[in-house]
Amino acid sequence: MPQTLYDKLWSSHVVHEESDGTALIYIDRHLIHEVTSPQAFEGLRISGRKAWRSNSIVAVPDHNTPTKNWDQGITDPISRQQVETLDSNIRQTGALAYFPFKDRKQGIVHVIGPENGVTLPGMTVVCGDSHTSTHGAFAALAHGIGTSEVEHVLATQTLLQKKSKTMLIQIDGQPGKGVTPKDVVLYVIGQIGTAGGTGYAIEFGGSVIRNMSIEGRMTVCNMAIEAGARAGIIAADDNTINYLKGRPYAPSGDDWDKAVAYWRTLHSDEGAQFDKVIKIDAAKIIPQVTWGTSPEMVLSIDGIVPDPAKIEDPVKRTGVERALEYMGLNPNTPINTVKIDKVFIGSCTNSRIEDLRAAAAVVKGRHVSASLKLAMVVPGSGLVKEQAEREGLHEVFKAAGFEWREPGCSMCLAMNDDRLSPGERCASTSNRNFEGRQGPGGRTHLVSPQMAAAAAIAGRFADVREIL
Amino acid sequence: MNKFTVLDGLAAPLDRANVDTDAIIPKQFLKSIKRSGFGPYLFDEWRYMDHGEPGMDCTNRPRNPNFVLNQDRYQGASILLTRDNFGCGSSREHAPWAIEDYGFRALIGTSFADIFFNNCFKNGVLPIVLPKEEVDALFAMTEATPGFKLHIDLDAQTVSRPDGKVIHFEVDQFRKYCLLNGLDDIGLTLRHADKIRAFEDKRRTEQPWLFAS
């Protein structure tokens, strides 16, 4: 019987199944960061248990680390304690790889995993972080877990799971000028809603995905969780294989050939049945900007902010009213007239080399608007930063008035010092525009790196197609 | 983990869709390396007028009078009524930790985000999914009747209203068994340690590159 990619990944990891369908799934790769792991390691110690397989672990601090003045270390004492706790937990437990604060390869967990080849097709990958869905771009079954599950994986190398339903989002057609993978995924979320994928594993397919770079696929899978799906997956193909070849933890020699032969089977079979299929015409997508406090509250750059008076469903209407109030926007405002205070280019969604190249291409030879309080670029990892500097991108950004920072999660969630002040409005390449996400009272608009760059130049949301 | 068998509790209505885990427990509180003590900071940005920081004593912080949980009539509530997609966003287990520490043992809503839903079961909190009509009715009754209580029986899988109506809900049998008995997942899983080892050995032979060290 033809199988979906999800079926293949699932069935190849089932260790045991209970009568109600709850299964024990074997976990190949366990990514760990400092925020969601301390209680898990502590639980392990209290119960006198040991880590089952420490060479499945790859760890890095990323949420709390500062993005400037590294010579001063981590000045916030509780942030420092959390990072030091990770240091000591990994020292005790061991790991395949650990990239501590200030290490050359340190960075956001979802950036350093793939770039070091620790995420491979056919794996199950988990992390106490919802954006673990990113790794699904490699035909891996990857999703976020809670801290109790982090402890469960540490202790047993498995996870208790029920099989998800399957959804295919097939994206065909020729995307227009200025339309990036971020615009594609924001558009998809706008279509299906933030709960549209709840209970599903989403496979992204179609010609747009097949022609997309690996970095772009990571951006798309990263935001599967914003559509409610814990896992987003994409079939393995030549792009996947070429990306992985030669990465430090990717197989080599005979193993490489054996691995590639297996990876080539990691796609949905012809005729495989999905529980739900959604077709998207990419030709209809134009650059996107979110206007509200949920990623589904998204508009095309030529769109206007919605009017609650035109919404019938009372819960929805109240939601829109509340979002407009929080965002300080009036109904029917054209989004391209909305002025911004800050620009953030970074996060596990959009901080890879391709993202920085795209933003730099818009910025080159221009300067950020004098009305901005801050425009910053936070590379996803030390290696991304090095690569960007080799290409001179940092000079382009700095000449344009951007700050060029050290890698980390930074203002995506504002656990370090990078944050919005109350009422400040930000064009951000991150993944969540929730109330307070980038700082209490802060107003976040999600955009692509190119659109963030265009907004920085204009001082308001602007149509990047007019610049390109 | 605390057992969950039956609960007689006061209900409180949180009438918003898409309540995300950043709202349930803001990021500054995630710096803690402990599992406990998050209750006073539950819904911090909605509940208080000032900015909360970890370790703060909340007794004298200014409360937002418009936030539902600050109303006298909902003090001591142990059941929270929620709307669509409650718990979306970040996987932070600090969200159910804060909910449980505050005193909620059950949530009743139309839908919950997957990771959050799962995390609740690991912490003795029962998330109950009911049809929209039932949830709408519970919201209306809770708002109309001060002291509105519900009776939840996990074994019977029922929510009973004071007017005598009994509403059935679905729950995975394995999760129900763990919650009824307050069982630790890890202990249960380790009963299958031999199976895990055998699976792992086979995998190591077939795909040795997954086990690089």
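**View 1. Trp46(B) and Phe67(B) are both buried (under 20% relative accessible area, with a 1.4 Å probe and protein chains only).** In this predicted model, local features need pLDDT of at least 70 and side-chain atom pairs count only at pLDDT 80 or more, whereas totals for chains, interfaces and linings use all residues. Residues are numbered from 1 along each chain as its sequence is written, chains are lettered from A in the order in which they are written, and side-chain values use heavy atoms, without hydrogens and water.

Across all chains there are 17 aromatic pairs, a pair being two rings of Phe, Tyr or Trp (its six-membered ring) with centres within 6.5 Å, stacked if the planes are under 30 degrees apart, edge-to-face if over 60 and tilted otherwise. Trp46(B) and Phe67(B) make a tilted pair, with 6.1 Å between centres and 50 degrees between planes.

**View 2. Arg16(B) lies over the face of Trp46(B), 3.8 Å from the ring centre.** Such a placement requires CZ of Arg, or NZ of Lys, within 6 Å of the ring centre and within 35 degrees of the ring normal. Likewise, the charged end of Arg83(B) sits over the ring of Phe139(B), at 3.9 Å from its centre.

**View 3. Asp184(B) forms a salt bridge with Arg49(A), with 3.4 Å between the closest N and O atoms.** Between chain B and chain A the count is 8 salt bridges, each a side-chain nitrogen of Lys or Arg within 4 Å of a carboxyl oxygen of Asp or Glu. In contact terms (heavy atoms within 4.5 Å), 61 residues of chain B meet 77 residues of chain A.

How values were computed
Buried means under 20% relative accessible area, exposed over 50%, partly exposed in between (1.4 Å probe, protein chains only).
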